[in-house]
Each structure stands twice: as C-alpha cells, then as structure tokens.
Amino acid sequence: MVSTLLPAAAGFALGLQSLESERRIEALPVEGTLPPWLSGTLLRNGPARFEVGRDNYRHWFDGLAMLHRFTFAAGGVSYANRFLRSKRFAAAERAGHIVGGEFGTVAQLTFADRLRAPFGNGLTDNANVNIVPFRDGYLALTETPGPVAFDGETLETRGTAKYDDALSAPLMTAHTHHDPARRATFNVVIEMGRKSRYSVVRIPDGTLRRTVIASIAVDEPAYLHAFSTTARYVIIAEYPLVVRPLDLLFGRKPFIENYRWKPDRATRFHVVDKDTGASAGVYETAAFFAFHHINAYDDGAAVVIDICAYDDHAIISDFTLDRLRAGAGVSRPSVRRYRLIPGRSAAEVETISEVSLELPRVAPLREAGPYRFAYGFAGAAERPEFSDRIVKVDLASGSVSSWSQTRSYPGEPVFVARPGGTDEDDGVLLSVVLDAAAGSSYVVVLDARTLEECARAAVPHHIPFGFHGIFR
Ligand code: CO
C-alpha cells in the first residue's frame with residue numbers, strides 16, 4: 001500500500017497522493033444499516049492527480065479533477081470514478097508535462113510553448129471544485145468560465161461548454177446559487193482590465209446565458225471563492241486580498257500569488273437586489289478572509305450572513321501541497337455571524353463558535369432562509385495538521401457535536417433530508433472519509449440529528465481530499 005511509504009505521523013498525507021485507477025463497482029461492501037429511504041447519487045469533485053510527468057502541482061487546489069459517484073439504491077451502494085477529460089487534462093496527457101497555470105502553479109513552458117500559448121496557456125478548465133445539475137447531466141465548475149459537462153451515471157466527459165453571451169470575464173465563482181422561485185442561478189463574475197468590476201449575473205435554468213444585473217466598479221479586485229444569497233439579495237464579501245489586474249495578465253507568478261493582503265482596508269459587504277440590481281447597502285467590518293459563506297437570510301431587521309472566517313489569508317499558503325504533506329498545520333477559521341442593518345455602515349459581528357468549521361453545508365431547503373444547523377469538517381488541535389472530524393454547529397446555542405474515528409479524515413458532509421421529514425436535521429450526512437490505517441476511503445452515512453454512524457461502504461483505493469459535491 002502507498003501508505004507504508006509515508007511517515008506514520010502523517011497518515012492524512014495519503015489524501016494528497018494521486019489516484020490513477022478508474023473503476024466501476026456494482027456493489028460496495030456495506031457495514032451497518034443504510035436508511036431504507038436513502039435513494040440517489042452522491043457526486044463528488046476534487047483533484048486526483050498532483051503531477052504530470054516530472055512536473056508537480058504546488059497547491060491542493062491545482063490537481064487534475066476526478067469525479068466520484070456513490071449511488072444508493074435498494075440497500076446497496078455502487079461506485080464509479082473517472083478523471084474529468086478537460087481540455088487542460090487532455091493537453092497535459094499529450095504533452096507529458098503541466099501545460100498551463102492553475103491556482104497555485106505556474107507552468108514552466110518552453111519558448112515554443114509560449115509562442116503557441118501566450119498568457120500561460122489561457123484560462124484553465126480543470127474544473128475540480130464543484131458540481132451543479134445541468135439539463136440531463138451535470139457541469140463541473142472551477143473559478144473560470146469554462147464549465148465541463150459530464151454524464152451523471154457513466155461520469156464520461158461531454159466537453160467544455162461556452163457561455164452563450166458576450167460577457168468577457170476571466171473569473172467566475174464555482175459556488176453558484178440556484179433560486180427555484182426565479183428559475184435561475186445567480187453567480188458573481190469578475191471582469192478584469194482597465195476597468196474592473198464585480199458583476200452579479202443571472203442565468204435562466206437550462207441555459208448558459210448570463211445577464212448582468214448589477215456591476216460594482218473596483219480598481220483592485222479581491223479574490224472571491226464564494227458569495228451568498230437570501231430570498232431577495234445577493235451578498236458579496238469583498239476581502240482585502242486584492243490584485244492589480246495587470247499583474248495577472250503579464251505576471252509570471254502563480255495566479256493566487258499575484259494577490260496582496262492589505263488588512264488596513266476593511267472587508268466590505270455589498271448587498272444587491274436580485275430583481276432590480278439596485279444596491280441595498282455597503283457595509284464594512286475589520287479585515288478578515290474566507291473561502292465559504294455558510295448561509296444568509298433576512299430576519300426582518302437585518303441581512304444575516306454566517307461565514308467560516310479567518311483572521312487573514314494565511315490559509316491559502318497553508319494549503320500548498322508540500323506544507324500540507326509535511327503536517328505543517330493549517331490556520332483555523334471560526335464561525336462568525338455578520339448582521340447588516342439598513343442605515344448603518346458598520347456590520348455587526350459575533351463569533352458563534354470557535355470550532356474550525358470548513359466546507360460548510362446546510363439542509364438544502366434552508367439555504368437562503370432562516371436556519372439553525374451548519375455541518376462541515378473541522379480539525380481538533382490548536383493548529384491542526386488537517387481536518388479530522390465532522391461537526392454540527394447549532395447556530396442558536398453555539399453548541400457543537402462531532403464524529404471522528406482514529407486516523408480518519410472526512411471530507412465535506414452533504415445533508416440529505418428524509419422524505420416527509422419536517423425537522424431541519426431529520427436526515428443523514430454523507431461524507432467520503434480517508435481511513436489512513438487501511439490506506440483506503442469509504443463513504444459514511446451519519447444520522448444528522450445525533451451524528452451517530454448508520455453505515456459505511458468502502459472502496460478499494462484512497463480517494464484524494466476533494467472539495468464539493470451534491471446529492472440527487
Ligand atoms: Co468551495
């Protein structure tokens with residue numbers, strides 16, 4: 001097993017090793033009892049190849065995308081995994097080396113490569129971050145506007161899609177927000193150039209046509225991984241991690257290393273009306289950084305936003321592969337609630353819990369509305385080597401419950417509601433867990449009320465740590 005090659009103290013580092021095999025398994029061995037009502041598919045996305053030829057990717061966010069499918073049906077679990085055949089993946093396979101820049105890696109291109117491919121070979125379509133439903137299949141997303149379509153059953157790649165509009169923006173978040181009432185998806189794109197701006201876009205269901213509903217001009221755009229929505233508003237948190245657009249265009253550094261942390265600038269919240277595009281306020285608070293908003297809602301008196309907030313941007317370099325694999329430790333976020341009260345320019349802030357919740361999820365029916373529970377993974381220690389438990393935070397009381405196993409490292413927990421259930425936490429959490437002692441991974445099913453384990457189903461290999469997924 002690969003794990004015997006690794007230092008015993010760094011068992012989680014197996015989750016940052018490449019997985020080459022692609023498999024289809026009709027029946028995984030199941031331990032425990034699956035809820036009889038659990039029926040559907042958990043799709044996961046994440047990096048799975050961290051080198052091409054002799055080239056190594058430098059950051060966790062850079063590895064080539066692989067899709068995983070766990071299908072729950074008739075008391076059993078089937079599994080499949082496949083690399084996403086993005087243009088970037090195919091070009092790397094052909095060339096035998098890394099052919100373009102990623103989040104934290106710059107390609108070492110030859111002179112001939114540069115002539116063929118100025119600007120570091122253009123925008124990546126290595127869509128390893130998230131998955132959304134689209135028509136009769138799915139789109140894999142990353143932070144560029146090149147979604148990659150794939151089949152939800154075979155996981156076969158159908159190709160990189162193009163947006164059906166004239167919007168020219170190199171960046172677009174992978175954390176879309178679907179609004180069932182408006183039959184549209186909202187996202188934020190960042191236009192870069194002599195005039196840069198954040199633009200809120202609306203995409204009608206079943207289309208790839210982005211309509212700009214609001215634009216916010218900015219000289220030095222911030223790095224934005226996600227945003228949030230309420231029933232009425234889109235909320236952008238603008239952290240003081242900012243870039244000069246020319247540095248991105250002409251620089252030779254990895255993408256994210258062009259950004260500068262300027263903590264004497266505040267973090268700003270921009271609130272935009274979903275229908276009119278009008279600004280409903282700009283609010284300031286002391287500098288902080290985040291990847292993920294947990295959820296947001298209007299409570300009548302304020303817009304309430306919960307965020308996995310870091311004091312600064314150190315977490316980005318904490319996630320470089322050599323530091324992670326060496327167990328150098330990662331910064332801890334906390335669960336913070338920001339209240340944006342109309343007529344005031346300062347956001348109110350409260351730390352709800354010091355637990356280091358990341359990859360947060362909430363019950364889908366509570367998204368963009370009032371809610372009580374957040375789920376995620378977390379690390380236990382002051383400066384954890386990696387996240388080693390699944391946690392549930394009661395946002396009303398601040399209390400935290402958790403599930404963990406020795407030398408086991410879970411990923412994002414996805415909440416699946418029990419059909420007919422009315423309580424917010426009546427359902428299960430599904431998470432892919434690396435069992436470092438066994439050298440392999442399994443999907444675990446936890447009762448979301450108690451975090452007690454119902455069942456697990458193991459695959460014969462390790463699954464590298466991924467990011468996001470969905471259940472349908
Ligand atoms: Co994310």
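Analyst: The structure holds 0 disulfides, a disulfide being a pair of cysteine sulfur atoms within 2.5 Å. Cys308 is buried, with a relative accessible area of 0%, while Cys454 counts as partly exposed because its relative accessibility is 23%; buried means under 20% relative accessible area, exposed over 50%, and partly exposed in between, with a 1.4 Å probe and protein chains only. This is a predicted model, in which local features need pLDDT of at least 70 and side-chain atom pairs count only at pLDDT 80 or more, whereas totals for chains, interfaces and linings use all residues. Residues are numbered from 1 along each chain as its sequence is written, and side-chain values use heavy atoms, with hydrogens and water left out.

His293 lies in strand 23 (residues 293-298); strands are DSSP runs of E, at least two residues long, numbered from the N terminus. His293 counts as buried because its relative accessibility is 9%. Its side chain makes a polar contact with the side chain of Ser228 at 2.9 Å. A polar contact is a pair of N or O atoms within 3.5 Å; within protein, one must be able to donate a hydrogen and the other to accept it, and residues adjacent in sequence count only if both atoms are side-chain atoms. Leaving aside neighbours within four places in sequence, His293 has contacts (heavy atoms within 4.5 Å) that include Phe227, Tyr239, Asp306 and Pro360.

Ser196 has Val218 of strand 16 as its bridge partner. Between the two strands of this hairpin are 6 residues, and Gly206 in the turn has a positive phi of about 80°.

Note on methods: Pairing = 2+ DSSP bridges. Helix = DSSP H or I, 4+ residues; strand = E, 2+ residues; numbered from the N terminus.
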